[in-house]
Amino acid sequence: MANASPYSDLPAEAFWRSGVVGQKPEAIPGLYRPKFAIDRGTQIATAGSCFAQHIARHLQARRYSVIDAEPAPPGLTGEAAQRFGYGLYSARYGNIYTARQLRQLAGEAFDRFEPKDWIWEKDGRHYDALRPSVEPNGFGDPALVEQHRKYHLRRVAHVLRAADLFVFTLGLTEAWTHRESETVYPTAPGTIVGRYDPDVHAFRNFAFRDVYDDMKAFFRIAKRGNEKLKFLLTVSPVPLTATASGQHVLAATAYSKSVLRAVAGQLAQENDDVDYFPSYEIIAGAQAKGAFYEDDLRRVRAEGVAAAMDTFLSAHETGAAPSQAPAPQPALKSENAICEDILLDAFAR
């Protein structure tokens with residue numbers, strides 16, 4: 001006998017009332033089903049917006065094999081090392097907020113892209129504009145900036161060749177670029193270093209097709225030297241600090257996150273080697289009732305990070321022996337994440 005409705009035999013998780021309402025916001029059954037296994041032998045590379053720092057920290061605390069191809073020099077540890085961009089990600093690239101920035105970095109590491117106008121100056125000191133926060137004091141000689149970037153790019157290439165899994169957190173669609181070459185910067189010129197010139201620099205708000213094409217291009221570049229590489233995408237739940245789109249920042253945030261979530265979902269549907277983890281939904285979803293955000297409604301509380309990471313880790317550690325699955329470690333405090341975009345708050349009126 002035919003079912004009265006195609007919804008008659010769907011599981012509880014298919015319905016809002018049974019799948020969301022009444023469930024614990026930090027542990028919703030069936031929300032994440034991994035496409036492929038990740039264990040402690042998996043060589044994991046991490047990159048993305050500042051929220052991605054939490055992912056790397058939790059994986060390291062649970063003794064997963066997180067690549068650190070650009071470690072701090074001896075004697076530089078803790079917060080001091082983080083201030084210089086060490087230990088935040090698998091290489092010292094700082095925050096990578098947009099898919100275009102990721103694509104260009106990979107292209108540069110494999111001699112397929114050459115950035116322009118990437119050494120900026122402030123008070124007589126010189127900085128790498130593509131990662132302006134990793135050397136807070138800059139360099140007295142621009143040649144030293146070039147030397148450090150060449151070394152950095154070799155380490156980025158190593159990360160992509162050595163990794164089994166590349167975890168990337170998509171953060172923003174908005175970016176500032178060099179008009180002539182379309183080089184993308186992680187921060188607007190003049191925010192940390194450099195000087196904004198409307199004849200040289202341009203604002204971009206990337207659309208779905210832009211982000212989709214950039215991620216596909218990054219996959220191709222990365223897999224040329226590492227055919228086994230898989231990708232895990234997440235979307236940052238952190239709203240925009242400010243927008244240059246002309247929209248209200250709330251509407252601009254909704255646009256940005258919608259585009260990024262749609263791209264991540266589309267790529268995961270189309271590719272067997274790409275998966276999506278719903279950290280965005282866990283933290284920003286209606287079921288959380290805003291409880292996972294600090295009072296500024298931007299920074300993610302430690303409890304929110306823990307909820308997302310516990311969901312991720314429990315999905316991959318099902319059946320693991322107790323000795324293989326140590327107790328969760330404290331989350332990185334939200335205020336300790338290194339986020340350049342928060343500096344835009346200083347321009348608020």
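Trainee: What should I know about the model before we start?
Mentor: It is a predicted model, where local features need pLDDT of at least 70 and side-chain atom pairs count only at pLDDT 80 or more, while totals for chains, interfaces and linings use all residues. Residues are numbered from 1 along each chain as its sequence is written, and side-chain values use heavy atoms, with hydrogens and water left out.

Trainee: Okay, helix H6. What span should its 17 residues have?
Mentor: Residues 208-224 should span 24 Å at 1.5 Å a residue, and the end C-alpha atoms are 25 Å apart, which agrees. The expected span is 1.5 Å times one less than the number of residues. Helices (H or I, at least four residues) and strands (E, at least two) are DSSP runs, numbered from the N terminus.

Trainee: Which residues of H6 are buried?
Mentor: Among them are Val 211, Tyr 212, Asp 214, Met 215, Phe 218 and Phe 219. Buried means under 20% relative accessible area, exposed means over 50%, and partly exposed is in between, with a 1.4 Å probe and protein chains only.

Trainee: And what do those buried residues pack against?
Mentor: Their partners include helix H4 (99-109), helix H5 (142-162), strand E9 (230-235) and helix H7 (249-270). Contact here means heavy atoms within 4.5 Å.

Trainee: Switching to charges: how many salt bridges are there?
Mentor: The search of the whole structure turns up 18 salt bridges. Each is a side-chain nitrogen of Lys or Arg within 4 Å of a carboxyl oxygen of Asp or Glu.

Trainee: What does Asp 214 pair with?
Mentor: Its salt-bridge partner is Arg 100, with the closest N and O atoms 2.7 Å apart. Asp 214 is in helix H6 and Arg 100 in helix H4, so the pair ties together parts that are 114 residues apart in sequence.

Trainee: Are those two buried or exposed?
Mentor: Asp 214 and Arg 100 are both buried.

Trainee: What about Asp 213?
Mentor: Asp 213 forms a salt bridge with Arg 209, and the closest N and O atoms are 3.4 Å apart. Those two are four residues apart in helix H6, which puts about one helical turn between them. Asp 213 counts as partly exposed, at 33% relative accessibility.

Trainee: Which residue does Glu 281 bridge to?
Mentor: Arg 261, with 2.5 Å between the closest N and O atoms. Glu 281 lies in helix H8 (residues 279-284) and Arg 261 in helix H7, so this pair ties together parts that are 20 residues apart in sequence.

Trainee: What else does Arg 261 do?
Mentor: Its charged end sits over the ring of Tyr 276, 3.9 Å from the ring centre. That label needs NZ of Lys or CZ of Arg within 6 Å of the ring centre and within 35 degrees of the ring normal.

Trainee: Now rings. How many aromatic pairs are there?
Mentor: The count comes to twelve aromatic pairs. Rings of Phe, Tyr and Trp (its six-membered ring) pair if their centres lie within 6.5 Å; planes under 30 degrees apart are stacked, over 60 edge-to-face and the rest tilted.

Trainee: How are Trp 176 and Tyr 196 arranged?
Mentor: Their ring centres are 5.4 Å apart and their planes are at 75 degrees, so the pair is edge-to-face. Trp 176 is partly exposed, with a relative accessible area of 21%, and Tyr 196 is partly exposed at 39%.

Trainee: And Phe 218 with Phe 231?
Mentor: They form an edge-to-face pair, 5.9 Å centre to centre with 70 degrees between the planes. Phe 218 lies in helix H6 and Phe 231 in strand E9, so the pair ties together parts that are 13 residues apart in sequence.
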